[in-house]
Amino acid sequence: KGGSMKPRRILVIDDESVICDACCLVLAEKGHRVEHCLTGNTGLLAIERGKYDLILLDVKLPDVDGMEILKSVREKGSGPLVIVMTGYSTMSNALQAMKLGAADYLAKPFTDDELVDAVEKVFAYEDSRYG
């Protein structure tokens, strides 16, 4: 890995601040600009206001169904990429999310390396598609 990733704007939406903090730390170390939201509603607002390259989305949020957020992001067409984060009990959600247009999924708990790999993988794929 040459580490030649260009910096991206990433939004993490997860109601567990531990996960938000970990994602922010790991991805910021890679040079990305990372913001996070602890609720689906603040996440939706951030998506409307901001221009993100990628959203790390927990499918189980206290206020809004993560799938609904995914749908609204994908409906915008050229919106940000989405990687959904699912617990082992919600693996069926991961498959559903992929059908709805998620770029990838991460099963919790994931390691720092798994996170970075997933993020780099979706951007590499996207870059190869759109040059």
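## The largest pocket

Ala, Val, Leu, Ile, Met, Phe, Trp, Tyr, Cys and Pro count as nonpolar, Asp, Glu, Lys and Arg as charged, and the others, Gly among them, as polar. On that scheme, the lining of the largest pocket divides into six nonpolar, four polar and eight charged residues. The model here is predicted, so local features need pLDDT of at least 70 and side-chain atom pairs pLDDT 80 or more, while totals for chains, interfaces and linings use all residues. Residues are numbered from 1 along each chain as its sequence is written, and side-chain values use heavy atoms, without hydrogens or water.

A pocket is an open set of points on a 1 Å grid over the protein atoms alone, where a 1.4 Å probe fits, with protein on both sides within 12 Å along at least five of seven lines; lining residues have an atom within 4 Å of a point. The largest one holds about 400 Å³, a volume being the space filled by probe spheres set on the points. Among its 18 lining residues, Lys-51, Tyr-52, Ser-78, Gly-79 and Pro-80 lie nearest the centre. Helix α5 gives the most, with four residues.

## Strand β3

Helices (H or I, at least four residues) and strands (E, at least two) are DSSP runs, numbered from the N terminus.

Strand β3 runs parallel to β1, joined by four bridges, and parallel to β4, joined by five.

Definitions and conventions. Two strands pair if DSSP finds at least two bridges between them.
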